[in-house]
Amino acid sequence: MHMKFSYYPGCTLKTKAKDLDAYARASAVALGVDLCELPEWQCCGAVYPMAKDEIATKLSAVRALMNARDLGTDLVTLCSACHNVIKQVNNDMKTDADIALRVNNYIKPETPYAGETNVLHFLEVLRDRVGFDELKKKVVNPLTGRKIGAYYGCLLLRPSKVMAMDDPENPTIIEDFIRAIGAEPVVYGMRNECCGGYVTLENKDEAKKRSNIVLESAKVKGADTVVTACPLCLYNLKKNGGCEGVDVVYFTELLAEALGVK
Amino acid sequence: MSHNKNAAAVEQILRSSGVDVRKCMRCGKCTATCPAFDEMEYHPHQFVYMVEKGQIDKLTASPSIWRCLSCFACMERCPRQVEPAKLIEAVRLSVIREKGANHLKPEDIPAMLDEDLPQQAIASAFRKYSK
């Protein structure tokens, strides 16, 4: 089955997180998924502007959403932060008439945008479009014996009413992914707690503390690797955290390895 | 702050956040789940009742507004959908929307960089700390 999507890589996947992007693209080819990079996408801003009177900060996300609509495709994201921003802004356009009116007045599109685009994280493409059973069949290099902890962090799951990816307190999507590539998922307490995020810029000690709490929690449960979809989580866990015997990698790297395209 | 100015500040914060502070039943779950608890002078539940009581000056002057991680834990786990993070964001915005009140300035950035720091960190921090 051929599947074609618009793809929004985001700024960090073009710079410090090239691996997250490259391994996803290689894996997508192996899975028959066509990720077409959106033309002229702009930085999403990296954090969702929560205030109801923030309009300008939502425009780049809307432009990406509108371009995907005009191309007649679903919009696939990969970075957890981009996914969170774009999906939450899409929800605003769908559910908040005042925001939608003011955004459309500003952008003046031929057809006003009302949240029509379906936003999917690449993990959701694997689960809901490819299917983890199909993925499993395409694995040529199963990661047998590896004990892998899923690190969801904040942005994939919350706020759950909008993100709607999985149960926000007891998620399974990344564990099911880990099983599909032949490894053993390790469930640990801090998998959906914050790594410290952008506070690392001003307060390294806080980011160190948060990150080490996450890694220690994974290590105690026996994980040899922790996977993430977020460049800032990877940075905090590796650079500010650091736990002997626990590696931190993008989930797409393990996917590419299992599919034999790394 | 004069009484009228304070009332206007409360109204702006409530409107901007969309939060109904009267829904709060003071269970403290937001603060109990806040990963930045140790770093904060005023905690998420205190933002809720201090806005309700009109104590805006204390909140805008507190470093707590820069310590929120925007992790959405308090929003997700609030049993009454009060969503304290939106209130903290609105208080922070009421500060940085003033001319010259940016908390993070471009000239601060070079000293904060290291070879692995993702662009996402800088973009996020500017969105949270500056206008």
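Me: What covers the buried residues of α1(A)?

Reply: This is a predicted model, by the way. In it, the cover over the buried residues of α1(A) includes β2 (33–37), α5, α6 (132–138), α10, β8 (247–250) and α11 (251–259), each of them in chain A.

Me: And which residues of α1(A) are the buried ones?

Reply: They are L20(A), D21(A), Y23(A), A24(A), S27(A), A28(A) and L31(A).

Me: How do you know that the span of α1(A) is close to the expected one?

Reply: Take 1.5 Å times one less than the number of residues. For the 14 residues of α1(A), 20 Å is expected, and the first C-alpha to the last does reach 20 Å. After the helix comes G32(A), with a positive phi near 75°.

Me: Why is helix α5 of chain A called largely enclosed?

Reply: Because seven of its nine residues (122–130) are buried, the rest of the structure largely encloses α5(A). The buried ones are F122(A), L123(A), E124(A), V125(A), L126(A), R127(A) and V130(A). Just past this helix, G131(A) also takes a positive phi, about 95°.

Me: What makes domain 1 and domain 2 of chain A touch, and how many residues are in contact?

Reply: Contact here asks for C-beta atoms within 7 Å. By that test, 21 residues of domain 1 of chain A are in contact with 17 residues of domain 2 of chain A. On the domain 1 side, α1 (18–31) and α3 (80–95) of chain A are the elements that give two or more residues. The largest share is from α1(A), with eight residues. Sorted by class, that side has ten nonpolar, eight polar and three charged residues.

Me: Where do those domains run, and how many Å separate their centres?

Reply: The assignment puts domain 1 at 3–122 and domain 2 at 138–259 of chain A. Their centres, taken over C-alpha atoms, are 23 Å apart.

Me: How many residues of chain A are in contact with chain B?

Reply: 36 residues of chain A pass the contact test with 31 residues of chain B. On chain A's side, the elements giving two or more residues are α9 (204–220) and α10 (231–241). α10(A) gives the most, four residues. By class, this side of chain A splits into 19 nonpolar, eight polar and nine charged residues.

Technical notes
Residues are numbered from 1 along each chain as its sequence is written. Chains are lettered from A and ligands numbered from 1 in the order in which they are written. This is a predicted model: local features need pLDDT of at least 70, side-chain atom pairs count only at pLDDT 80 or more; totals for chains, interfaces and linings use all residues. Two residues are in contact if their C-beta atoms, placed from the backbone, lie within 7 Å. Ala, Val, Leu, Ile, Met, Phe, Trp, Tyr, Cys and Pro count as nonpolar, Asp, Glu, Lys and Arg as charged, and the others, Gly among them, as polar. Domain bounds come from an automatic or database domain assignment. A residue is buried if 20 or more other C-beta atoms lie within 10 Å of its own, exposed if 12 or fewer, and partly exposed in between; C-beta atoms are placed from the backbone.
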